[in-house]
Amino acid sequence: MRSQPDQSNESVLQRANALLGAFGPRHRHLTLSAIVMRTGLPKSTVHRTAKQMMELGWLTYESGRYALGTRIFELAGHSSMRYELRETALPYMEDLYESTHVSVHLAVHKDLDVLYVEKIRGHDRITDLSQVGGRMPLYCTGLGKVLLAFSPVDLLDRVISHGLVGRTQATITSPIRLRRELQTIAANGFGFDREEASVGVNCVAAPIFGYDRKVVAAISVTGRASRTRMDALAPAVTTAAHGISRTLGAGRMALGLAT
């Protein structure tokens with residue numbers, strides 16, 4: 001007799017996933033009411049699930065607020081994406097930081113977003129949007145546009161069909177303009193974010209390829225628009241990206257990071 005799937009266990013995992021998804025760069029500490037609002041789950045369900053997650057070390061609770069527990073970060077450290085890509089890229093990121101003294105980011109694409117894998121913060125703290133483990137839309141970030149430019153066209157079609165919402169007055173919200181921008185990025189080998197994700201913040205990004213020449217990640221530098229000439233930093237970023245790609249290729253790492 002074929003065993004039936006355990007629906008109760010599945011629902012527990014789904015609820016736990018919903019609670020974890022409530023946290024983010026701007027929501028590191030949440031009250032019970034805030035989690036209820038951000039998940040849409042009943043208060044009693046959130047309270048019960050949070051208690052179970054605290055017992056497992058997935059959440060902590062202090063002064064009336066929940067936060068991600070240390071167990072989550074321990075598990076994240078075992079991720080092949082976090083370990084292999086980060087360990088390969090970090091020396092190049094450090095060199096890039098030393099030559100530019102602005103924030104350096106490493107990211108992959110997850111669903112329709114940029115997922116930040118590593119960050120070296122510059123002297124000038126300009127934004128909290130790009131925290132490790134955080135996400136931003138693909139279409140309005142330098143990292144995201146680079147990933148889109150070198151990914152199969154169906155990803156871009158999905159992004160456009162989902163909607164190009166303007167985050168600033170500079171955000172590209174026209175599908176035609178975005179397609180043209182990505183063609184330019186593909187031709188140049190690097191791309192810019194000119195205050196498209198955050199007012200006053202510019203960046204330049206370049207793609208990172210695996211051994212099979214498929215894009216697996218992107219690297220960028222970010223600085224204040226009033227102080228940093230991103231066109232002047234593009235060669236340094238592309239050099240770092242090429243170095244990481246060569247190292248990945250030499251190690252024949254088929255990371256399979258993009259989804």
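**Group meeting: ring pairs and a helix crossing**

Okay, let's start with Tyr61, which is partly exposed at a relative accessible area of 45%; buried here is under 20%, exposed is over 50%, and partly exposed is in between, with a 1.4 Å probe and protein chains only. Quick caveat: this is a predicted model, so local features need pLDDT of at least 70, side-chain atom pairs count only at pLDDT 80 or more, and totals for chains, interfaces and linings use all residues. Numbering runs from 1 along each chain as its sequence is written, and side-chain values use heavy atoms, with hydrogens and water left out.

Now the rings. Phe, Tyr and Trp rings (six-membered ring for Trp) pair if their centres lie within 6.5 Å, and planes under 30 degrees apart are stacked, over 60 edge-to-face, the rest tilted. That rule gives three aromatic pairs. In one of them, Tyr61 and Tyr66 have ring centres 4.6 Å apart and planes at 55 degrees, so we call that pair tilted.

Helices and strands are DSSP runs numbered from the N terminus, H or I of at least four residues for helices and E of at least two for strands. Phe150 is partly exposed at 27%, while Phe209 is buried at 12%.

From Ala50 to Arg15 is 35 residues in sequence and 9.4 Å in space, C-alpha to C-alpha.

So how does H3 (residues 43-55) pack against H2 (residues 32-39)? Their angle is about 115 degrees, and the axes are 9 Å apart. Axes are lines fitted to C-alpha atoms over the stretch in contact, with angles from 0 to 180 degrees between N-to-C directions. H2 and H3 are therefore roughly perpendicular, a label covering 65 to 115 degrees; under 35 is roughly parallel, over 145 roughly antiparallel, the rest oblique. At the contact, Leu32, Ile35, Val36 and Thr39 of H2 meet Lys43, Val46 and His47 of H3. That's it from me!

Terms used. Contact means heavy atoms within 4.5 Å.
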